[in-house]
Amino acid sequence: MNKYTDPKDLKSFGKITEWQEDMGQKFFDWYAGVTEGDSALTEREKALIALAVSHAIQCSYCIDAYTTNSLQAGADEEQMMEAVHVAAAVKAGTTLIYARQMQRQVDKITM
């Protein structure tokens, strides 16, 4: 295991309010308002988005949490994997668009 991470941290995440209660509570209020319940997006859709983002940012804690949330919100394995593939495709596209910067730089140097 990575010595900098501990799976127990996910269960104790609420402790981030201990050293700055006001800001921590504002975060949790905002987080709940954004991620919980149905609004313009269903809770299942929000969980799948969060799962996809978790993979794109490579947050192990988030992957565990949003895998659980996605299942609890009614997503199935195929939907979850498709969401991850969407995130991977967007991330790959983001990497590739920077090739244009490389191409412009090559043109600048070789012209």
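1. In the classes used here, Ala, Val, Leu, Ile, Met, Phe, Trp, Tyr, Cys and Pro count as nonpolar, Asp, Glu, Lys and Arg as charged, and the others, Gly among them, as polar. The structure is a predicted model, in which local features need pLDDT of at least 70 and side-chain atom pairs count only at pLDDT 80 or more, while totals for chains, interfaces and linings use all residues. Residues are numbered from 1 along each chain as its sequence is written, and side-chain values use heavy atoms, with hydrogens and water left out.

2. The second largest pocket has a volume of about 200 Å³. A pocket is an open set of points on a 1 Å grid over the protein atoms alone, where a 1.4 Å probe fits, with protein on both sides within 12 Å along at least five of seven lines; lining residues have an atom within 4 Å of a point. A volume is the space filled by probe spheres set on the points, which are joined across faces, edges and corners. The lining comprises six nonpolar, three polar and three charged residues; among them are Glu-36, Glu-43 and Lys-46.

3. The largest pocket holds about 310 Å³ of space. Its lining has 10 nonpolar, one polar and one charged residues, including Asp-9, Ser-12, Phe-13 and Tyr-61. Helix α4 gives the most to this lining, with four residues. Helices (H or I, at least four residues) are DSSP runs, numbered from the N terminus, as are strands (E, at least two).

4. Helix α5 (residues 77-97) and helix α6 (residues 99-110) pack at an angle of about 10°, with their axes 4 Å apart. Because angles under 35 degrees count as roughly parallel, α5 is roughly parallel to α6. The contact (heavy atoms within 4.5 Å) is made by Thr-95, Leu-96 and Ile-97 of α5 and Ala-99, Arg-100 and Gln-101 of α6. Axes are lines fitted to C-alpha atoms, for helices over the stretch in contact, and angles run from 0 to 180 degrees between N-to-C directions.

5. The unreviewed UniProt entry places the feature "domain: Carboxymuconolactone decarboxylase-like" at residues 23-101. This span is 82% helix and 0% strand.

How values were computed. Parallel < 35°, antiparallel > 145°, perpendicular 65-115°, else oblique. UniProt positions renumbered as here; feature names shortened; annotations may be inferred.
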